[in-house]
Every structure is written in structure tokens, then in C-alpha cells.
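Hi,

Here is the model I promised to pass on. Have a look at it first, and my notes on what turned up follow below.

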Amino acid sequence: MPARSEVDAVAPYGRAPDAAVELADGSSSRLSRLWRDATLVLVFLRHFG
Amino acid sequence: LRSEETTFSEAGARVVFVGMASPADCREFARKLDLPYPMIADPQRELYRMFHLARMSPLQAAAPGVLLKGISALARGHGIGFPQGDVLQLPGVFVIGTGGRICRAFVPVDPGGHPSPGDILAALSDCPAA
């Protein structure tokens, strides 16, 4: 789960927040680990169902 | 996006989904849809807020155009059960370069306004590797 205190805002076309996140496999990461070696396409879904 | 895994990989991109659910529910969702991408579990929508993704108002959600798009999506078989998560939360797609810069942001004004895989692939060219 992202830590709310990390970054509160992201300016349009600015830097992405380097949030702590929890992956579905139960592991934790930071977003910067995901964009470190590849362009990251981050897809925010709508509700499930 | 599900069928474009190889294309995105060959383009040097890593696709990651974010869902408004627990890790277990995200795993179940990915299994049902056979998603080939990792998922971030964000049940409190904190990451959605960090990226300034808006919520619709109930009036917006009940607008005829939005309802029609929802019915159309269901008719195409996109519904997979009772809604789970905030039904008013809008989606979004962000293309982020290796330095952490947001190169492109696809932020729809209604739930049907998502970009095509081609739109996202084209955006990768705006986002050169560091």
C-alpha cells in the first residue's frame, strides 16, 4: 500500500511520486524500482466487476 | 493491453496495473482476466490520489452517455461480477520515463475515455530511456 506521506502531489508532466507500493504477490516495492530500467506504463483500473 | 505484452516488452516498456483492491483480490482479478502484467494493490486509492485521478460525481456517473458506455462494455463481456472498489473513481494511464518523469498522462473525463494500446505505444516515443 502506498505511503501517504511520501508525496502528496504530482504536477502534470512533472515527476512521478516515488511511492511505496504493495504488489499483488504480497511483495513491497517503490515505484522508482519499476521505472529504473524501463519506461513504466502505469495503468490505473476502474473498479473490478 | 492484455494481448500486447510482447509489443510493449519489445518497445522497452514495463506495464503495471493498479487496482483498488487487496493483494488477494488483485491476484484473483488478474487470474480471471489472464493478465500478463504485475499489479499494485491500492485498496485505499492512495496512489490514485497521488496521481490526481479524479472521482466522478454521482450526477456524472448517471449521465446518459456514461450509462450507455457502461452498458456497451457489459454487452462486450467486460463485466466480471459485482463491482468491487469505488465505482466513481476514474481510471488513468501514465507513461513514466526511467528518470521518473511523467512523459504522458491519459486522464479521461469519463470512464469510457481510456487510450488505445496504439495511443500508449505512440507515447513511448515521447519518453526516451535515460
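Let me begin with the charged pairs: a search of the whole structure gives five salt bridges over all chains, a salt bridge being a side-chain nitrogen of Lys or Arg within 4 Å of a carboxyl oxygen of Asp or Glu. Before the details, some housekeeping: this is a predicted model, so local features need pLDDT of at least 70 and side-chain atom pairs count only at pLDDT 80 or more, while totals for chains, interfaces and linings use all residues. Residues are numbered from 1 along each chain as its sequence is written, chains are lettered from A and ligands numbered from 1 in the order in which they are written, and side-chain values use heavy atoms, with hydrogens and water left out.

**Salt bridges within the chains**

In chain A, Arg30(A) and Asp18(A) form a salt bridge, with 3.5 Å between the closest N and O atoms. This pair links distant parts of the chain, twelve residues apart: Arg30(A) is in strand β2 (residues 28-30) and Asp18(A) in the segment before β1 of chain A. (Helices, H or I with at least four residues, and strands, E with at least two, are DSSP runs numbered from the N terminus.) Arg30(A) is partly exposed, with a relative accessible area of 30%, and Asp18(A) also counts as partly exposed, at 25%. For the cut-offs, buried means under 20% relative accessible area, exposed over 50%, and partly exposed in between (1.4 Å probe, protein chains only).

Asp86(B) forms a salt bridge with Arg45(B), the closest N and O atoms being 3.4 Å apart. Arg55(B) counts as partly exposed at 43% relative accessibility, whereas Asp86(B) is buried at 14%. Through shared partners, the salt bridges join Arg45(B), Arg55(B) and Asp86(B) into one network.

**Where the chains meet**

How many residues of each chain are in contact? Counting heavy atoms within 4.5 Å as contact, 38 residues of chain A touch 60 residues of chain B. The area buried between the two chains is about 4400 Å², with 64% of it from carbon and sulfur atoms; buried area here is the accessible area (1.4 Å probe) that two parts lose on being put together, summed over both.

The rule finds one salt bridge across this interface, and it is between the side chains of Arg14(B) and Asp37(A), at 2.9 Å from N to O. On the chain A side, the elements that give two or more residues are β1 (20-23), α1 (31-35) and β3 (39-44). β3(A) gives the most, with six residues.

**A strand pairing across the interface**

β3(A) pairs with strand β3 (residues 92-96) of chain B in the antiparallel sense, over five bridges. Two strands count as paired if DSSP finds at least two bridges between them. Leu42(A) stands opposite Phe94(B) in this pairing.

β3(B) is mostly covered, with five of its five residues buried. Gly92(B), Phe94(B) and Ile96(B) point one way from the strand, and Val93(B) and Val95(B) the other way. β3(B) also runs antiparallel to strand β4 (residues 102-106) of chain B, joined by four bridges, and Val93(B) has Phe106(B) as its bridge partner there. The hairpin of β3(B) and β4(B) has five residues between the strands, and Gly100(B) takes a positive phi near 95 degrees in it.

Gly97(B) is in that loop between β3 and β4 of chain B, and is buried with a relative accessible area of 4%. Leaving out residues up to four places away in sequence, Gly97(B) touches Trp35(A), Cys103(B) and Cys127(B). The C-alpha atoms of Gly97(B) and Ala13(B) are separated by 9.3 Å, with the two residues 84 apart along the chain.

Cheers
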